[in-house]
Amino acid sequence: MEEHVGQLWHRLITRAAQRSHPQATVTLDEVATPIGVFFRALGGDGGLQVQPAEATDYRGRRSLLQRVAGSQRKVRLAWRDEQALRLPPAIDWFDTPALNRDLYFWLAALAATPHDLASHWVLRNQQLCRVALQRFPGLRPRYRRLLEAHLAQRPDPGRLPAAEAEQERLLQQALREPGAVGTFPAARREPWPVPLWLHPSPPLVAAATAADPGEGNNAHEGGQKELENEGRRRAERVDKPQEDRGLVTIRMENIFSWSEYVKVDRSTDDEEDLDQAADAARDMDTLSVSRDDKPARGRLKFDLDLPAEANDDSVLNDGLLLPEWDHRKGVLVPDHCRISLMSALDAVPIELPEHLRPTARRLRNQFSLLTPGRQWLRAQPDGSEIDLDAYLRYAGDRRAGIQAHADGLFRDLRQNRRDLSCLLMADLSLSTDTWIDNDMRVIDVIRDALFLFAETLSSVGDPFALYGFSSRKRDPVRVHQLKDFGSRYDGRTRARIQAIKPGYYTRMGAAIRYATRELERQATETKLLLLLTDGKPNDLDRYEGRYGIEDTRKAIIEARSQGLQPFCVTIDSRGNDYLPYLFGRRGYAVIHRPAQLPRTLPMLYSRLTGA
């Protein structure tokens, strides 16, 4: 009974203290796509993704009902950082969905506005508003509607203490006339939130060490579980705690007691530890980060996963040095990545797996129509037969006294060839070890796709090459040669495909640059570069996040400048968030059901080559 009464009281007091409008809520999921287009159309950074903003602490004045209900302790505002445009996951500030939707677009316009960063948040947001309204006059009616609705919600300065009242009067003046307020006084409490502006002090991630931000020593290997809430949290850099300084909570005489000791293995499951850490991180407002120079257990586990040299693929060369794009400096760093070309030289030739033979037979029959036919080439200087038409013309001209040349009197039966070549680069990172159902992993789907793709192209006769890649930082980037352009598709190639296994990480830019070098050597008019992946670029070092995205985009631009046609095929359900920025609107395809990839890949090739 007490629990039931408590629940009723909680609902009653929370509803009474509520100042939002749940019935008019507009969620970010509903407007994420048009917001992204709108943000980029106004000149916003195309590399920024639209992501939900994390709730941050609010230390302003709360009403008595809000204090009793324990509400209004956090507020969700918008901001922009190096990685993303972060907007509230839901907006219910106003009583109509139209106004809440308008607020999303207004915040995106503010974030897309270029400005000189002023030191104080009030001055900075006034500058943003003024520039946005000048650049985009069509936003003025929308801003007036939002302003009128918001001013009606703000507290009355006459009911506030003197310092807070002065702040509120200046804020309302700044909202009405952006740029009119030049100074902003301090007060004991924060002013009431301004949802029409960007966050006063957005949460930041702890900065990387100045020595080398990309070469961390304690990166955990790739099975880390991703937090469901992708918003950023406030972070701080702290010193590593001393291990020999702690509170002794046991009786010292127990140290000499053998009766308390039981020799059992109390090892824990790593997955349970990760789940607990993720749950703890969700509940924390501030994440404290310190650097420990000692190797962590996760690093030790990663090193133990390295295959023995006897079981690993053979290294074919000493390595190829390739550049990498540093978007922060705006320079192409020369000789930054080392490509280690590898191949399973001891692979025993095999036949196509039994479960793929019916599909391969159907695809070969379907693509047999694309196989170039044989035709007679006439008026040739040499050939297998005399071209009677050409000879009769030559003889007639000679008899009529007309000078004739006997340099095209033959015909020859030749096989036509389509003037295109294709290189497929498959992502073999550690994430491909994930199970997609009870029977298959991602790596199994990729393996089947390579089999069927090779079977199809070998029947058509188009020159093609197959490679796989994974990386562990920038040295080495392991590129596995399954079939190059100079070799034929046979049982040994199938054995190399069968031998592929999950590797490490996804340094995508280096793999694309290597593929570009190989395709440039082909004397064909059309050169197709296919990238098969299950996620975005990442690695142990600073390649994670924006750095990897920008380097990959730069590598794709370089490939297009060389006349190549890059195209990405992914099974990442979030591919639509970042692939348009990398490959363009028509440069990628998302396979929503991974099991369909082996059958879909040859059909995509047919569409891309115009067959």
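First, some ground rules. This is a predicted model, in which local features need pLDDT of at least 70, side-chain atom pairs count only at pLDDT 80 or more, and totals for chains, interfaces and linings use all residues. Residues are numbered from 1 along each chain as its sequence is written, and side-chain values use heavy atoms, with hydrogens and water left out.

The protein chain has 611 residues, and 43% of them count as buried (under 20% relative accessible area, with exposed meaning over 50% and partly exposed in between, using a 1.4 Å probe and protein chains only). Take the contacts (heavy atoms within 4.5 Å) between residues at least 6 apart in sequence: 74% of them join residues at least 24 apart.

Now back to Met 425. Its strand, E16, covers residues 420–427, and eight of the eight are buried, so E16 is largely enclosed by the rest of the structure. Leu 420, Cys 422, Leu 424 and Ala 426 point one way, while Ser 421, Leu 423, Met 425 and Asp 427 point the other way. Cys 422 has a relative accessible area of 0%.

E16 has parallel partners to show you. Seven bridges tie it to strand E19 (residues 526–533), where Met 425 has Leu 531 as its bridge partner. Six bridges join E16 to E17 (residues 464–471), also in parallel; strands count as paired if DSSP finds at least two bridges between them. Between E16 and E17 the chain passes through helix H12 (residues 442–460), making a right-handed β-α-β crossover. Right-handed here means that, with the strands pointing away from the viewer, the path from the first strand over the helix to the second runs clockwise.

While you're on H12, look for Thr 456, which is found in that helix. Thr 456 counts as buried at 1% relative accessibility. Leaving aside residues up to four places away in sequence, Thr 456 touches Leu 363, Phe 367 and Pro 602.

H4 (residues 97–112) has 13 of its 16 residues buried, so it is largely enclosed by the rest of the structure. At 1.5 Å a residue H4 should span 22 Å, and its end C-alpha atoms are 23 Å apart, which agrees (the expected span is 1.5 Å times one less than the number of residues). Over in H15, the buried residues include Tyr 547, Ile 549 and Ile 556. The buried residues of H15 pack against several elements, among them strand E12 (331–343) and helix H14 (508–520). Just after H15, Gly 563 takes a positive phi of about 90°.

Finally, there's an open sheet of three strands in the order E2-E6-E5, with mixed pairing. E2 (49–52) and E5 (79–80) stand at the edges with a single partner strand each, so one side of each is left without a neighbour in the sheet. E5 and E6 (residues 84–87) pair in the antiparallel sense over two bridges, and Trp 79 stands opposite Arg 86 in E6.

Note on methods. Helix = DSSP H or I, 4+ residues; strand = E, 2+ residues; numbered from the N terminus.
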